Amino acid sequence: MGRFIASENIPVLLTRLATDGAVWAPAELPDSGESVVFAPWQPGREVVLDRFTQMSPKELVLPMSERLLSFSYTLTMEGEEMEVESAIPGGHTVIFGARACDAKALVVLDALFHQDPETTWSDTQYRARRDDMTVVTIACVKGTADAACFCSSWENGTAEKAGSDVIIYPVPGGFLAEAVTIRGTEVTGWDMFDDSDQPLPELDTTDVVDFDGLVEKLVTPGVFSDLDFWGRESHKCISCGYCTYGCPTCYCFNIYDEMQGDRQGERCRSWDACMFYNYTVETSGHNPRPTIAHRWRNRLGHKFSYYPANQGETLCTGCGRCIRGCPTGVDIRDILRAAGEHE
Amino acid sequence: MADLITAIKKVLEHTDLVLGWTTATSTGVAAPARFYTADEAEAAVFDSTCVHNLAVHLPRLKDKDVGIVAKPCDAQSVVELVVEREVARGKVKVIAAPCRAMLDVKLIWRRFGYGARIEDEGGRLQVNGREVPREDFILRKCLSCESTDPVIVDEQVEGDGHTGGPPDVGGRTDDLKERFAAMSVDERRAFWAEQFSRCIRCYACRDVCPMCFCRDVCLMQTRVPHWTGGSVESRDSEMAQMIRVSHLAGRCTGCGECERACPVGIPLLLLMNEQYRLIEEMFDYRPGSDIEARPPMQTFSIETDLWEGG
């Protein structure tokens with residue numbers, strides 16, 4: 001027996017979820033060229049579930065910018081004393097309206113940020129957010145994936161459940177709900193859901209990219225050393241950061257101090273992007289990745305070779321945001337395929 | 001008037017490459033392309049999905065002789081790049097293409113799904129085989145386009161049945177621009193605070209801008225000296241953008257690429273238009289309109305009376 005929630009009860013569900021913590025859901029903000037982003041839900045705000053979001057919910061585990069700690073220096077008779085206060089995020093977060101690719105991306109990020117702190121290391125801020133979170137995913141039923149999607153390149157495709165607590169499937173009049181975790185069973189047990197014996201609707205399929213052999217190929221001298229190849233393939237790229245910032249798995253960051261005067265400040269972490277020149281420029285002025293071609297080689301290598309080799313997961317879930325949102329029409333699949341066919 | 005492919009081939013005889021567009025096989029819309037040979041030029045297209053301003057690539061190609069297919073607004077960027085000595089006039093050939101008003105491809109795909117089939121012929125727009133009102137999907141910048149005649153032309157080509165003159169916007173006006181113009185200063189402040197709360201600091205606005213030729217040493221991103229805060233709080237993002245806007249004073253030709261590129265739809269052209277209007281009022285200067293001009297920010301004298309036609 002499955003569970004069903006009527007469309008008009010979605011606000012009731014969101015209101016109930018909001019008693020547990022901050023609910024973030026896709027919304028179209030005014031005068032935004034119809035872009036859809038995850039925004040804090042409030043009663044009366046319409047949730048957009050039938051279009052793609054320009055930004056992924058990654059920011060809820062790895063915010064665009066955050067304070068890691070505050071520090072201050074005071075002069076005493078004994079000399080200078082430093083006080084440090086770390087900022088550990090608290091409070092439950094609900095991601096409502098992620099897609100399967102977005103939820104899977106959280107698991108991909110866990111492989112790096114959420115390792116066992118006893119044996120390796122773990123990111124305190126990331127873990128605090130990730131451990132206190134509910135993910136409600138909207139299933140990509142027939143007709144809802146688009147030409148930029150390529151999650152079917154992985155075995156589970158649109159049927160991926162990793163990272164979701166609850167998956168909701170649009171059906172006439174409402175949504176069928178499938179509990180994936182214990183938290184999911186709790187949520188779908190609430191009384192805004194009814195029992196239902198409707199079968200789950202069929203899921204969509206997407207474009208497929210063949211990643212076979214890329215882990216090794218991207219680091220072999222042939223394609224790796226061929227900078228002309230990377231230059232040709234990336235000629236459209238203007239080296240902005242959208243493909244990495246929109247990406248649900250790109251996690252690079254910068255750590256820096258925001259000073260208030262010279263005796264106190266905050267240590268902050270913000271997203272950074274490997275497509276920026278500044279990302280690799282060294283204090284000497286030397287930049288090991290001076291051109292866009294160098295940066296593309298690294299971007300693909302990191303996603304489809306180094307990360308899988310080191311963490312066991314591809315650093316991509318096929319969400320297609322980098323393709324949909326690229327201002328110059330770069331399609332990462334074209335470059336992947338060209339790399340696969342190189343020589 | 002030559003057809004596009006012939007013009008590109010002709011220009012290729014005197015240049016290393018031509019920047020233009022070809023049809024992307026996956027989506028059917030125009031994608032930026034580089035043509036090095038006459039054979040490659042066979043794939044060139046020009047239609048109402050050629051939204052990109054390819055002049056952005058010119059400063060990175062300084063060591064090459066480059067041909068560029070340019071809409072009237074793109075040609076203004078080429079002019080201003082020459083004026084700013086970022087591009088040598090002798091090293092660039094402009095293939096001027098007339099423009100019927102570009103389509104907001106991103107908006108069409110946000111509504112109908114990425115890759116939805118776009119057919120725009122004779123002023124009739126069809127998406128996935130169904131006719132839709134063309135005027136609803138015109139790029140916002142084209143609604144108030146004034147750049148109908150390119151200032152520099154090395155080769156003039158035919159458009160898709162449009163032979164120059166003002167773009168065809170179906171009588172539509174720019175509702176957002178009108179609402180913004182009517183706002184008080186406080187309302188504008190609130191408007192931008194709300195808009196920039198969405199900014200993700202991807203710098204697509206800067207990187208897509210032909211006139212942001214500082215490129216890799218941009219002040220928006222410096223940590224030393226610490227001009228802009230690293231947070232994505234609205235005030236920090238606004239500050240970063242205001243630095244960009246002020247650096248573009250007397251340079252920005254209003255091509256609108258910043259707004260088109262913004263992944264979260266911040267209507268940056270409103271800021272740019274306002275700044276353009278002020279520069280025109282203060283200095284009687286319209287960037288991109290005169291290849292012999294000296295930009296006001298390079299000729300300013302403290303004695304100049306800005307408001308009395310000085």
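How many helices and strands does the secondary structure of chain A come to? In this predicted model, in which local features need pLDDT of at least 70, side-chain atom pairs count only at pLDDT 80 or more, and totals for chains, interfaces and linings use all residues, the secondary structure of chain A comes to 11 helices and 12 strands. Residues are numbered from 1 along each chain as its sequence is written, while chains are lettered from A and ligands numbered from 1 in the order in which they are written. Helices (H or I, at least four residues) and strands (E, at least two) are DSSP runs, numbered from the N terminus.

The radius of gyration of chain A is 22 Å, close to the 20 Å that the globule rule gives for 343 residues, so chain A is as compact as a globular protein of that length. This radius is taken over C-alpha atoms, and the globule rule is 2.2 Å times the number of residues to the power 0.38. Along its principal axes, the C-alpha trace of chain A spans about 70 × 65 × 45 Å. Of the 343 residues of chain A, 42% count as buried. A residue is buried if 20 or more other C-beta atoms lie within 10 Å of its own, exposed if 12 or fewer, and partly exposed in between, with C-beta atoms placed from the backbone. Among the contacts in chain A with a separation of 6 or more, 69% are accounted for by residues 24 or more positions apart. Two residues are in contact if their C-beta atoms, placed from the backbone, lie within 7 Å.

Within chain A, the axes of helix 9 (residues 292–311) and helix 11 (residues 332–341) come within 12 Å and cross at roughly 85°. Such axes are lines fitted to C-alpha atoms, for helices over the stretch in contact, and angles run from 0 to 180 degrees between N-to-C directions. Helix 9 of chain A and helix 11 of chain A are therefore roughly perpendicular to each other; angles under 35 degrees count as roughly parallel, over 145 as roughly antiparallel, 65 to 115 as roughly perpendicular and the rest as oblique. In this pairing, Trp296(A), Leu300(A) and Phe304(A) of helix 9 meet Ile335(A), Leu336(A) and Ala339(A) of helix 11. The residues of this contact divide into 6 nonpolar, no polar and no charged. Here Ala, Val, Leu, Ile, Met, Phe, Trp, Tyr, Cys and Pro count as nonpolar, Asp, Glu, Lys and Arg as charged, and the others, Gly among them, as polar.

The loop between strand 2 (21–28) and strand 3 (36–40) of chain A holds Asp31(A), and Glu34(A) is found in the loop between these strands as well. Asp31(A) has a positive phi of about 50° although it is not a glycine. Phi of Glu34(A) is near 60°, also a positive value in a residue other than glycine. Asp31(A) counts as partly exposed because it has 16 C-beta neighbours inside 10 Å; Glu34(A) is partly exposed, with 16 other C-beta atoms within 10 Å.

Chain A also meets chain B: 37 residues of chain A are in contact with 36 residues of chain B. On the side of chain A that touches chain B, the elements giving two or more residues are helix 8 (242–246), strand 11 (253–260), strand 12 (264–271) and helix 10 (321–325). Helix 8 of chain A provides the largest share of that side, 3 residues. By class, the side has 14 nonpolar, 15 polar and 8 charged residues.

The secondary structure of chain B comes to 11 helices and 9 strands. A compact globule with 310 residues would have a radius of gyration near 19 Å, and the 20 Å of chain B agrees. The C-alpha atoms of chain B fill a box of roughly 50 × 45 × 40 Å, taken along the principal axes. Of its 310 residues, 46% count as buried.

An automatic or database domain assignment gives domain 1 (1–172) and domain 2 (174–310) in chain B. The C-alpha centres of these domains lie 24 Å apart, and their contact takes 24 residues from domain 1 and 22 residues from domain 2. Helix 3 (72–83) and helix 5 (140–143) of chain B each supply at least two residues of the domain 1 side, with the largest share, 9 residues, coming from helix 3.
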